[in-house]
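Colleague: I am new to this model and would like a close look at its aromatic rings. Could you take me through them with care?

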Amino acid sequence: MLKDNLSEQARCSSNTTLLINLLKGNYIKGKGDEYILVSIRDLEDSEHEFLLDMLYESIHIPNNKLTREELLNVPHIRKYHEGWGRQGDRALIAIDEENQKVGAVWYRLFEENNQGYGYVDHNTPELGIAVVENGRGKGIGTLLMNKIIQLAMAEGYKFISLSVDPDNSDAVHIYNKLGFQKFGISGTSITMVYRGSEH
């Protein structure tokens, strides 16, 4: 009987932990009734190569995409990672239950004379995001986006921007759902802005 009671208590405790994490947004939906715990934490200095991997994945080029080394060294791309760790740089990574890195989100401030594709002004960080291929479509990206928005607002930013290829309709749809609005056009990309004061 005692064993049964302890088992019931353990089950209830486990369910309570699951509910708390669901409410906190730390679980994503897996197969069937399965939930997968995803932890979000700050990027560590030793994980810079993973950030570069995710930056490469975030660049939407459907055909004839350059190699990672080639693309990340193109001047208008290199500005997104060169000297990472300067003031205003922030990055979060997602870790699954097997302690595997499954995605990252980051932002950086740019200046008028060195603009990113999603540039609004020197006080508005521009974010980027990517999820590993086998982790897509599970809600990891949305979880990362919500966390980076919370972080940016907590750090006092009134706005946060991003640049997205209009042909990447899935991403545009998600950004709209999260509260981003079209701000303008930069080359062939749409600049979208999240206005913290409106949320």
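Over which ring does the charged end of Lys65 sit, and how far is it from the centre of that ring?

Modeller: This is a predicted model, in which local features need pLDDT of at least 70 and side-chain atom pairs count only at pLDDT 80 or more, while totals for chains, interfaces and linings use all residues. Residues are numbered from 1 along each chain as its sequence is written, and side-chain values use heavy atoms, with hydrogens and water left out.

The charged end of Lys65 is placed over the ring of Tyr56, 4.1 Å from its centre (NZ of Lys or CZ of Arg within 6 Å of the ring centre and within 35 degrees of the ring normal). Arg86, in turn, lies over the face of Phe110, 5.9 Å from the ring centre.

Phe110 pairs edge-to-face with Tyr80, at 5.1 Å centre to centre and 65° between the planes. Tyr80 belongs to the loop between helix 4 and strand 4 (90-95) and Phe110 to the loop between strand 5 and strand 6, so their pair ties together parts 30 residues apart in sequence (DSSP runs numbered from the N terminus: helices H or I, at least four residues; strands E, at least two). Both Tyr80 and Phe110 are buried (under 20% relative accessible area, 1.4 Å probe, protein chains only).

The rings of Tyr107 and Tyr157 have centres 5.8 Å apart and planes at 80°, so this pair is edge-to-face. Because Tyr107 lies in strand 5 and Tyr157 in the loop between helix 5 and strand 7, the pair ties together parts 50 residues apart in sequence. Tyr107 and Tyr157 are both buried. Finally, ring pairs join Tyr175, Phe180 and Tyr194 into a cluster.

Terms used:
Rings of Phe, Tyr and Trp (its six-membered ring) pair if their centres lie within 6.5 Å; planes under 30 degrees apart count as stacked, over 60 as edge-to-face and the rest as tilted. Buried means under 20% relative accessible area, exposed over 50%, partly exposed in between (1.4 Å probe, protein chains only).
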